[in-house]
Amino acid sequence: MTDDTRPTPDEGQPDTGLDSGLDTASRPAPTHTVVIPPEVQMVTLLGPRDELLRTMERAFPLVSIHVRGNEFHMTGPSADVALVERTIDELLLVIEGGQPLNRDAVERSIGMLRAQTSERPADVLTMNIVSSRGRTIRPKTLNQKHYVDAIDEHTVVFGIGPAGTGKTYLAMAKAVAALQAKQVNRIILTRPAVEAGERLGFLPGTLNEKIDPYLRPLYDALHDMVDPDSIPRLMAAGTIEVAPLAYMRGRTLNDAFIILDEAQNTSPEQMKMFLTRLGFGSKMVVTGDVTQVDLPDGTRSGLRIVQDILHDVEDIHFAMLTPHDVVRHRLVGAIVDAYGRWDDRQQGGRTQRERRRSQ
């Protein structure tokens with residue numbers, strides 16, 4: 001890609017002194033031209049019906065962006081124009097890495113560039129974890145990449161954040177990748193089996209039928225990453241195990257990649273029980289959202305207190321994800337933010353009422 005700053009009509013002309021009293025700010029801004037390499041198909045960069053170009057225009061309202069052939073022509077504040085140029089650079093690297101572009105990738109690239117993150121957007125968006133049936137799973141935000149890196153670097157990792165941030169999905173992708181690379185011999189997926197105020201004894205069906213709905217999200221993610229026809233065989237052989245948390249008691253789990261999902265619904269005692277199942281050659285990932293605790297009133301969440309207990313233990317890492325890392329439908333991020341603001345207002349109201357009572 002080449003960059004050319006074209007002069008305004010006055011540049012390069014002799015100075016007659018006739019315009020010395022004019023405000024230089026009124027002169028037209030220079031036009032910056034970015035030339036895209038000929039081997040890049042412009043539709044991959046602009047998107048269908050120029051959707052990605054419109055995304056950039058919305059993100060930089062002060063910059064006028066025009067495309068002619070394989071050239072971008074931009075006019076506007078120099079800082080914004082420079083950021084547009086860097087965005088185009090990163091998107092070209094993503095295309096070069098074989099990753100198709102979409103509106104979400106463009107918006108996240110711009111967000112990372114504006115935040116001046118330590119890592120380039122292209123490095124985040126082209127990091128492949130596992131591929132299955134033509135689909136590649138990769139992180140989509142910087143925090144997600146840090147979370148995935150932490151899983152590589154630590155034995156026990158806690159992924160804490162709101163719904164839709166990819167906590168469990170990315171952990172399962174890393175588990176499948178570790179199994180394929182023969183770094184572990186089996187994958188164990190577990191969840192506490194008491195959620196949403198229901199107790200298993202009051203649900204109809206056999207024990208397996210009662211437990212299955214709680215474990216269904218883990219099965220769904222597994223089907224995205226492993227050939228569905230091979231899953232029954234792998235489960236029958238014990239290579240993949242999906243079980244409620246209570247089934248972990250009394251076991252030592254060696255050479256395994258173990259994931260505890262919905263960990264906010266564990267008690268402190270259950271959390272301790274699970275963590276002490278760790279065996280040689282194993283890796284653990286614990287995921288949960290501390291804002292969605294479904295435990296009975298008066299029961300503390302093991303996930304809420306575990307950071308205070310283990311924060312200084314070597315080889316244990318806490319990865320914190322935020323609403324900015326939500327990768328589901330764009331409304332999910334807005335919903336999470338709105339509920340967060342509502343919770344803050346409710347908490348503030350309770351604090352004020354308590355202060356008035358104490359006076």
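Me: Which residues of α6 are buried?

Reply: Buried means under 20% relative accessible area, with exposed over 50% and partly exposed in between (1.4 Å probe, protein chains only). In α6 the buried residues are L142, Q144, K145, Y147, V148, D149, A150 and I151. This is a predicted model, in which local features need pLDDT of at least 70 and side-chain atom pairs pLDDT 80 or more, while totals for chains, interfaces and linings use all residues. Residues are numbered from 1 along each chain as its sequence is written, and side-chain values use heavy atoms, without hydrogens and water.

Me: How many residues does helix α6 have, and what span does it reach?

Reply: Helices (H or I, at least four residues) and strands (E, at least two) are DSSP runs, numbered from the N terminus. Helix α6 covers residues 142-153, twelve residues in total.

Me: Which residues touch the most other members of the largest nonpolar core?

Reply: Such a core joins buried Ala, Val, Leu, Ile, Met, Phe, Trp, Tyr and Cys residues through side-chain atoms within 4.5 Å. Here the largest has 37 residues, and Y147, M172, M225, F257 and I259 touch the most other members. Elements giving two or more residues to this core include α6, α8 and β10 (256-260). The most come from α7, which gives nine.

Me: Where is T33, and is T33 buried or exposed?

Reply: T33 lies in strand β2 (residues 31-35). T33 counts as buried because its relative accessibility is 2%.

Notes: Expected span 1.5 Å × (residues − 1).
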